[in-house]
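Please read it alongside the sequence and structure displayed below.

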Amino acid sequence: MASAHKNLSSYDDTQLPDASPMRFGIVVADWNADITHALYAGCHETLLKHGATEDNIKTVQVPGTFELPAGARMLAGREKVDAVICLGCVIKGETKHDEYINNAVSQGLVNLSIATGQPFIFGVLTPNSHEQALDRAGGKHGNKGVEAAVTAIRMAELYRNSK
Ligand code: DLZ
């Protein structure tokens, strides 16, 4: 391949396909809710901006980031969706809890993607501090929920074309 058809990053939403026929699941963790609900707002708004309808966006709330893969599996099992976006925020603390949760969730979502052939999007912040999280939830580094939505739209298109 001489060059890729598109040269897009996960935050470039200028050349996305029309999302109006697409169905999305969003699973959002309520731990660090000030951050994760801001990620959710950015994600939801971006899906609508690109044509997705409210009826085609199913939301599930789970207690913490660790529960994202289970919530995603339940949602994908009961709803017809083209992509599931998982949003959470694990802030580094004095113990290694962040490593255990982040490794489990990233591996869990990869396993779900491979087992089902459907896209499960990793929209989890892994900051060292609450301030770093705020910077990425609508602050100086943008909103990673927006990026997760952009990724989901691109992967939903691939998934729909693969069937
Ligand atoms: C227990 C815990 C801790 C210490 N920190 C976080 C965090 O920063 N972000 C997060 O989303 N969840 C955290 N949790 C909760 C776990 O994700 C999970 O809900 C519990 O361990 C129960 O399985």
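Is the crossing of α1 and α5 left-handed or right-handed? The crossing of these two helices is right-handed. The model is predicted, and the points below should be read accordingly.

**Packing of α1 against α5**

- Helix α1 spans residues 33-49 and helix α5 spans residues 144-162; their axes come within 7 Å and cross at roughly 40°.
- On the α1 side, the contact is made by Leu39, Tyr40, Ala41, Gly42, Cys43, Thr46 and Leu47.
- On the α5 side, Lys144, Gly145, Val146, Ala148, Ala149 and Val150 make the contact.
- Sorted by class, the contact of α1 with α5 has 9 nonpolar, 3 polar and 1 charged residues.

**Cys43 within α1**

- Cys43 is found in helix α1 and counts as buried because it has 28 C-beta neighbours inside 10 Å, the threshold for a buried residue being 20 or more.
- Beyond its neighbours within four places in sequence, Cys43 is in contact with Gly145, Val146, Ala148 and Ala149, and also with Ile26, Ile85, Leu87 and Gly123.
- Cys43 and Asp55 are 12 residues apart along the chain, and 15 Å separates their C-alpha atoms.

**Shell around the ligand**

- The ligand is surrounded by 14 residues, of which the closest are Trp31, Gly64, Thr65, Phe66 and Val90.
- By class, this shell has 8 nonpolar, 5 polar and 1 charged residues.
- Strand β3 (83-89) and helix α3 (97-116) each supply at least two residues of the shell.

**Annotated positions, first group**

- In an unreviewed entry, the UniProt annotation "binding site" covers Trp31, Thr65, Phe66, Glu67, Cys89, Val90, Ile91 and Phe122.
- Phe66 is found in the loop between β2 (57-62) and α2 (68-78), and Glu67 has its place in the loop between β2 and α2.
- Phe66 counts as partly exposed because it has 19 C-beta neighbours inside 10 Å, whereas Glu67 is buried, with 22 other C-beta atoms within 10 Å.
- Leaving aside neighbours within four places in sequence, Phe66 is in contact with Ile101, Ala104 and Val105.
- With the corresponding sequence neighbours left aside, Glu67 is in contact with Ala29 and Val62.

**Annotated positions, second group**

- The UniProt annotation "binding site", from an unreviewed entry, also covers Glu94, Thr95 and Arg136.
- These positions are spread over 43 residues of sequence and are also spread in space, up to 22.7 Å between C-alpha atoms.
- Glu94 is found in the loop between β3 and α3; with 5 C-beta neighbours inside 10 Å, Glu94 counts as exposed, the limit for that class being 12 or fewer.
- Arg136 lies in the loop between α4 (130-135) and β5 (137-139), and counts as buried because 21 C-beta neighbours are found inside 10 Å.
- Apart from neighbours within four places in sequence, Arg136 is in contact with Leu125, Pro127, His141, Gly142 and Lys144; Lys144 is also one of the α5 residues that make the contact with α1.

Technical notes: Residues are numbered from 1 along each chain as its sequence is written. This is a predicted model: local features need pLDDT of at least 70, side-chain atom pairs count only at pLDDT 80 or more; totals for chains, interfaces and linings use all residues. A residue is near a molecule or strand if its C-beta atom, placed from the backbone, lies within 6 Å of it. Helices (H or I, at least four residues) and strands (E, at least two) are DSSP runs, numbered from the N terminus. Ala, Val, Leu, Ile, Met, Phe, Trp, Tyr, Cys and Pro count as nonpolar, Asp, Glu, Lys and Arg as charged, and the others, Gly among them, as polar. Axes are lines fitted to C-alpha atoms, for helices over the stretch in contact, and angles run from 0 to 180 degrees between N-to-C directions. A crossing is left-handed if the near helix is turned anticlockwise from the far one by less than a right angle, and right-handed if clockwise. Two residues are in contact if their C-beta atoms, placed from the backbone, lie within 7 Å. UniProt positions are given in the numbering used here, feature names are shortened, and annotations may be inferred rather than shown by experiment.
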